[in-house]
Amino acid sequence: MFVKALFSIFLIFSSACILIGAGTTIKPYKNSSKIESLLNQMTLDEKIGQLVQYSGTEPTGPEGKIIDIETEIKKGKVGSLLNVIGIKNIRKMQHIAVKQSRLGIPLIFGLDVVHGYKTIFPVPLAMASSWDMDAIEKAAKIAAVEASASGIQWTFAPMVDIARDPRWGRIVEGAGEDPFLGAAVAKAQIKGFQGDNTAHFSTVLACAKHYIAYGAAMAGRDYNNVDMSIRTLWEIYMPPFQAAIDAGVGSIMSSFNDVNGIPMTGNKKLLNTVLRDRLGFKGFVVSDWNSVAEMIPHGYAKNRYQAAKLALDAGLDMDMVSDVYQQELAKLLKNKQITMKQIDKAVRRVLKAKFDVGLFDNPFIYFNEERGKALVLTKEHRDAARDIARKSMVLLKNKDNLLPLNKNIKTIALIGPLADNQKDLLGPWCARGNKKDVITIMQGIKTVSPKTTILYSKGCEINTSSTKLFKEAVDAAKKADVIIAAIGEAEDMSAEAHSRADIDLPGVQIQLLKELKKTGKPIVAVLMNGRPLTINWTNDNIPAILETWFLGIEAGNAIADVLFGDYNPSGKLTVTFPHSVGQIPIFYNHRQTGRPHIGDDNHFVSKYLDIPNTPLYPFGYGLSYTTFRYSDIKLNKKNLKSGETLTASVNITNIGKIQGKETVQLYIQDLFASITQPVKKLIGFKQVTLNPGETKEISFVIKPSNMEILNQDMKKVIEPGDFKVFIGTNSIDTKFAKFTVNEK
Ligand code: GLC
């Protein structure tokens, strides 16, 4: 059981209370009171209240019982609200907390501002594909400016879960499969959200989620169990959280899943011991939606009373909407099952966060309507959205250089369920984004290539069996010079609770492509999707394929910019595309095995008989309208002592006809070690823009920490021996060089 606030009733009621409140003898609010002195004044109910979060009128989880939230706030029994929409509603609730509760402790308001507040940026998996940390940071900064101008002080982002299973819908919310890249993206997003001063009214507190290993849900089925070696946990899933903590993230959200049988919301070892003692996390931990109560269906807590104890003992500070803390902590304390010290510790963390976001200095600083109107959806913000959208697209195929299209092209047949679509292009978790603000592909082409005639036909729905629109689409295609097929998933086919077992194009979209192909016209497939798709037929039969994910508010303009060559695509995949669901989990940084599959003629090797034993598209992959040539790698030394650095350099030449940006990737392999190591591990990347014919030298300094492994005692060590360093345009097409690390 948990609660949801019904604000429409409360709003009428609270406006009356504000008038009444003005005359009451409520203790005048004491600005910037020290946390300890405040704590000493608090009753038990008020302390527990700080650990309680309720939801507003747009729940982001299974709904529950309604309570009189306004009365609870007045009693000082609420610490935070999420999903309260609109400055007016937020300010009125804050007014009740500050003016009508005994101690006037302000509420902290949270929202899932994941890839934008009103100016919606590309989904995180798309932004990660830009590999442009400055652009990613800027997007988070703009999201914070807009959210904080609208009454929000706390975002439940970034989602830093590593994901190696594209059946899992939440892969769209993160940065993909690699720990190094995931860590870099986490740092950039947190810096963008929190800035240098979380107390400034233009920043918000970030929340790294979902701790931990949520992306490893068995079979890619959301909320499913996680069975994982501690080694994999530390090598793959922990680094982005370590990076988030090092970047000063103010809060962390515990995940729904268990890890090896212990639900994360009550996982004392991973929450208290690891997160706080080992990784040094100083902020507060909020549960995911109702996950405190869900330890009962997990079979870990017998009842809510035990769930409350398990969570508090584990170090969970704030209970999101389950109401278990509200109802059980006082009883547990009375029965000496928990201590006031434990409660005080959690309350201090929450009060400190409120202090850190400036709420104790001015609880109304975030509620400035003029600022809200002035700072939202500005041209500068839209331009930034278009810029990162351009950079997020990945060119998967471009046979015979069909792309870029010439702006003199007379007629385009724009076909597909996503061609003139606004809602889906926002992507999931689009906060206060409004589909009416989205530029469609249709609109984008009209803007970027105004002389071109567009013949539009939907062709089919995203996910139905009807082919009744095929004829209209084929007729349009026959009249055109080129077909642009805008195909893919609906935005609600990925993200939370949206796992798919079949991850090819849904509905009859492949059949539509087959009918369009029969016209003999050149086809460009523009993909919009929240996960890798097993698009084998499309890859075999369609000459040009552009992965655009869900690019947000400026999608149409950015896609047109790339289609017509105003921007040369530079994105690189951060997740592996499998040929088949049967290959999952498939990821580039795998171990070798004792019988690696090297070529097709070996029999007794690790392979499938019935599908290709390679990815459809590998991690780090992305084409350009130009071509980059890599020289062999130069090392400044071939032998080094343990603890020394190494410099690896390549010359990169643009041998094509147009300027392009390349993301040069650096990988390492420890060839022999006391724990077998991945065939490749990303340890660096640099972006370089080259004009036609231009050559630049790209150098990487490989630090001792890049050569470390976790040994059998789970200690970071450098083991002497042979290494390979790889530099290339993706995780497969690389140059390599060998070096040896000797004893000190
Ligand atoms: C949801 C999601 C989480 C989100 C939270 C609040 O269930 O799992 O990512 O931040 O609840 O909306």
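Tyr325 is found in helix 13, where helices (H or I, at least four residues) and strands (E, at least two) are DSSP runs numbered from the N terminus. The model is predicted, so local features need pLDDT of at least 70 and side-chain atom pairs count only at pLDDT 80 or more, while totals for chains, interfaces and linings use all residues. Residues are numbered from 1 along each chain as its sequence is written, and side-chain values use heavy atoms, with hydrogens and water left out.

Tyr325 counts as buried because its relative accessibility is 0%; buried means under 20% relative accessible area, exposed over 50%, and partly exposed in between, with a 1.4 Å probe and protein chains only. Leaving aside neighbours within four places in sequence, the residues in contact with Tyr325 include Ile48, Leu51, Val52, Ala308 and Asp319, contact being defined as heavy atoms within 4.5 Å. The side chain of Tyr325 also reaches the backbone oxygen of Leu316 at 2.7 Å. This is a polar contact, that is, a pair of N or O atoms within 3.5 Å; within protein, one must be able to donate a hydrogen and the other to accept it, and residues adjacent in sequence count only if both atoms are side-chain atoms.

Helix 13 spans residues 324–334, and its buried residues are Val324, Tyr325, Gln326, Glu328, Leu329, Leu332 and Leu333. An α-helix has 3.6 residues a turn, so residues three or four places apart point the same way. The cover over the buried residues of helix 13 includes helix 3 (44–50), strand 2 (52–55) and helix 12 (304–314). After helix 13 comes Lys336, with a positive phi near 55 degrees.

Elsewhere in the structure, Tyr325 and Ala486 lie 48 Å apart in space, C-alpha to C-alpha, and 161 residues apart in sequence. Strand 14 (residues 411–415) has 5 of its 5 residues buried. Thr411, Ala413 and Ile415 lie on one side of strand 14, with Ile412 and Leu414 on the other. Strand 14 runs parallel to strand 15 (residues 453–457), joined by 5 bridges, and it pairs in the parallel sense with strand 16 (residues 482–488) over 4 bridges; two strands pair if DSSP finds at least two bridges between them. Ile415 has Ser457 as its bridge partner in strand 15 and Ala485 in strand 16.

Gln509 has its place in helix 20 (residues 509–518). With 0% relative accessibility, Gln509 counts as buried. Not counting residues up to four places away in sequence, Gln509 touches Pro417, Cys460, Glu461, Ile462, Ile487 and Gly488.

Another sheet is open and consists of 3 strands in the order 7-8-11, with parallel pairing. Strand 7 (207–211) and strand 11 (284–286) stand at the edges with a single partner strand each, so one side of each has no neighbour in the sheet. Strand 8 (residues 251–254) is joined to strand 11 by 3 bridges, and Ile252 has Val285 as its bridge partner in strand 11.

The ligand is surrounded by 13 residues, of which the closest are Thr60, Asp112, Arg170, His210 and Asp288; a residue is near a molecule or strand if one of its heavy atoms lies within 4 Å of it. An oxygen atom of the ligand is 2.8 Å from an N or O atom in the side chain of Arg170. For the side chain of Lys209, the corresponding distance from a ligand oxygen atom to an N or O atom is 2.9 Å.
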